[in-house]
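Look at the fold below.

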Amino acid sequence: MGDATTENLQRDLEEARARQRDEQLRHDEELRQVAYAISHDLREPLRMVASYSQLLTRRYDAQLDDEGREFLRYIQDGVQRMDSMLRDLLSYSHHLHALDQPLSAVNAEAVLEGVLLALEKEIRESGARVTHDPLPELTFDFAQLTQVFRQLLANSLKFHGVEPPAIHISSEETEDQVTFTVRDNGIGIDPRYHDQIFGVFKRLHRDEYPGNGMGLAIAKRIVMQHGGRIWVESQSGAGAIFRFTLPKG
């Protein structure tokens with residue numbers, strides 16, 4: 001194969017990759033606009049339902065029997081849950097746009113300390129013990145790394161068993177990337193659902209635990225957007241190990 005042929009193949013390959021990237025960006029932008037419109041526009045009529053159900057409760061509570069009051073509580077609980085889901089969808093759509101924020105040097109340990117402060121109430125109420133190794137510095141977005149750590153830690157705090165949560169955060173570095181690990185002693189995850197848990201609105205424990213199933217989807221979106229990957233290693237009843245990779249620069 002001559003040099004000219006090799007150059008032509010290389011050029012065709014690069015053009016194909018460029019078209020694929022452009023198509024992915026276009027798809028993400030369309031999906032972002034749809035998700036934003038749904039989550040933003042639906043919240044207005046939802047607020048109206050919430051307002052009028054509260055008004056009914058205040059004005060006509062004395063005229064309602066126990067069953068009527070229970071029906072209104074169902075309506076209000078449903079509205080609150082839907083509003084929470086729409087807020088999470090809005091947050092997810094925010095991470096669908098093309099990267100437009102300049103990256104900077106970020107100290108992962110400082111990010112983690114901020115997340116631990118934000119989750120102080122949940123840590124205290126659950127009796128959790130959270131430890132970590134020294135964490136590195138990398139070129140990233142401070143707010144987005146905060147979001148990933150927060151989602152993973154909140155997940156470990158929520159899905160604990162009889163024993164208080166024990167969570168440990170560590171990292172490993174290679175020449176071009178960092179692998180972060182969040183290990184817990186929680187209820188674990190059946191291997192059949194390892195991929196499913198990163199989907200939008202995917203919840204394995206709908207009745208036992210609160211939440212909308214968006215946290216891990218948001219974390220995955222951020223990691224993948226920066227060229228990394230995220231996965232879980234776990235068995236039911238044996239805790240979970242979440243790992244994610246990010247480029248160092």
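Helices (H or I, at least four residues) and strands (E, at least two) are DSSP runs, numbered from the N terminus. Two strands pair if DSSP finds at least two bridges between them. This is a predicted model: local features need pLDDT of at least 70, side-chain atom pairs count only at pLDDT 80 or more, and totals for chains, interfaces and linings use all residues. Residues are numbered from 1 along each chain as its sequence is written, and side-chain values use heavy atoms, without hydrogens and water.

Five strands form an open sheet in the order 2-4-5-7-6, and the pairing is mixed. Strand 2 (129-132) and strand 6 (230-234) are the edges, each pairing on one side only. From one strand to the next, the twist averages 15°. Axes here are lines fitted to C-alpha atoms, for helices over the stretch in contact (heavy atoms within 4.5 Å). Angles run from 0 to 180 degrees between N-to-C directions.

Now take one pair. Strand 5 (residues 177-184) runs antiparallel to strand 7 (residues 240-247), with eight bridges between them. Here Arg-183 stands opposite Ile-241 in strand 7. Helix 4 (residues 108-118) packs on the sheet and touches strand 2, strand 4 (166-173) and strand 5. The direction of helix 4 makes about 170° with that of strand 2.

Helix 7 (residues 215-225) lies across strand 6 and strand 7, at about 30° to strand 7. After helix 7 comes Gly-227, with a positive phi near 85°.
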